[in-house]
Amino acid sequence: MILGQRLEGCSCVGGWAEPKERVSGSAEGKNLICAPIRMREAQFTVWNPVMNCGNTGTEDGLSIDTKYRWNRNGEQRMKLEFDREELMDVIDRVVERTMRMDLTWDWPCGVAYYGIAEVYEKTGKESYLKVLKERVDELVELGIPSVWTVNACAMGHCLITLYQATKEQKYWDLIQSKTEYLQRDALRFGDHVLQHTVSAKNDFPEQAWADTLFMAALFLLRVGVIRQDEELIEDALNQWYWHINYLQDETTGLFYHGYNNIEKSHMSGIYWGRANAWAAYTMSKVGSILPECYLYPKYMDVAGSLNEQLSALKLL
């Protein structure tokens, strides 16, 4: 497999081969996908070639109860087995507990409901969609914020799931409203970098926070792919590109929480755990969301940054 070439029958999941390296073979009839470059020890995951990479657990693919890992030589490295019923019971309890929380239309609610949306998409369990829809509809009826912020855009993720599942226009209208805010009204600095905002005020002038990658960049990417809007996709990738430049320490590979462009400093100067989570999670999602991700030069920065960060976290 040459650099930039996908494995046959499989879409890109951040998978690039190193220059001049070739990968061949399959396992149990499933194509292998190459891990991103700069990985210290490349690994391959078995995927069903007729599915989008990153999705497992259907009758046509691997059993949801088993997952295999393979190294460069096609040797099995790890096999994970788990009790599906026990796992589903845990998820049920987490969803139930989440829905008992008193949350408003802001980032904590957006993150919590994104989790419920994700388990619905992975399991197809209608009860998850039902409770999510009822709660979001209730919040809309009570009144959404009169002014959007980057933080409030976190709710856009569950809206995408609700729209795709129900096709109700009211969800798409809210998605479009948030998208237009981020494109036209949100405060920016430098090379169109989104300033993190928590209120309608200019609370943190020219500050880039890792939080923005989840609240805004990932949201913009998802909407851009749905709309097939290249400008939106490029805007999303641009956010990762500059947040990586501002927040990832070149020596350690870890992420700072924020960067003050006016003071040219990382303020507290600590490698905040949650900031590293915002960065790692969102970067890991780009390849599975963006079709033919290898065609976008800035995706290479995302894949490389993620591998450097994960290599650093592994040693902590």
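## Close-up views of a predicted model

**View A. Lys264 counts as exposed, because its relative accessibility is 55%.** Exposed means over 50% relative accessible area, buried under 20%, and partly exposed in between, with a 1.4 Å probe and protein chains only. Lys264 is found in the loop between strand 9 (258-260) and helix 8. Helices (DSSP H or I, at least four residues) and strands (E, at least two) are DSSP runs, numbered from the N terminus. The phi of Lys264 is near 55°, a positive value in a residue other than glycine. Most residues other than glycine have a negative phi.

This is a predicted model, in which local features need pLDDT of at least 70 and side-chain atom pairs count only at pLDDT 80 or more, whereas totals for chains, interfaces and linings use all residues. Residues are numbered from 1 along each chain as its sequence is written, and side-chain values use heavy atoms, with hydrogens and water left out.

**View B. His192 occupies the loop between strand 6 (188-189) and strand 7 (193-194).** The phi of His192 is near 60°, a positive value in a residue other than glycine. With a relative accessible area of 52%, His192 is exposed.

**View C. Helix 1 (residues 84-99) and helix 2 (residues 107-123) cross at roughly 145°, their axes coming within 10 Å.** Axes are lines fitted to C-alpha atoms, for helices over the stretch in contact, and angles run from 0 to 180 degrees between N-to-C directions. The crossing of these two helices is left-handed, a term for a near helix turned anticlockwise from the far one by less than a right angle. Met88, Ile91, Val95, Thr98 and Met99 of helix 1 make the contact with Ala112, Tyr113, Ile116, Val119 and Thr123 of helix 2; contact means heavy atoms within 4.5 Å. The residues of this contact comprise 8 nonpolar, 2 polar and no charged. Ala, Val, Leu, Ile, Met, Phe, Trp, Tyr, Cys and Pro count as nonpolar, Asp, Glu, Lys and Arg as charged, and the others, Gly among them, as polar.

**View D. The axes of helix 7 (residues 230-247) and helix 9 (residues 297-314) come within 9 Å and cross at roughly 50°.** Helix 7 and helix 9 are therefore oblique to each other; angles under 35 degrees count as roughly parallel, over 145 as roughly antiparallel, 65 to 115 as roughly perpendicular and the rest as oblique. Helix 7 passes helix 9 in a left-handed crossing. From helix 7, Leu237, Asn238, Trp240, Tyr241 and Ile244 meet Lys298, Asp301, Val302 and Ser305 in helix 9. Of the residues in this contact, 5 are nonpolar, 2 polar and 2 charged.

**View E. Thr282 lies in helix 8 (residues 273-289).** Thr282 counts as buried, at 0% relative accessibility. Apart from its neighbours within four places in sequence, Thr282 is in contact with Leu213, Phe214, Leu218 and Trp240. Trp240 also belongs to the contact of helix 7 with helix 9.

**View F. Leu174 lies in helix 5 (residues 169-185).** Leu174 counts as buried, with a relative accessibility of 11%. When neighbours within four places in sequence are set aside, Leu174 contacts Trp105, Val140, Ile144, Trp148 and Leu159. Leu174 and Ile144 are 30 residues apart in sequence, with a C-alpha to C-alpha separation of 9.7 Å in space.
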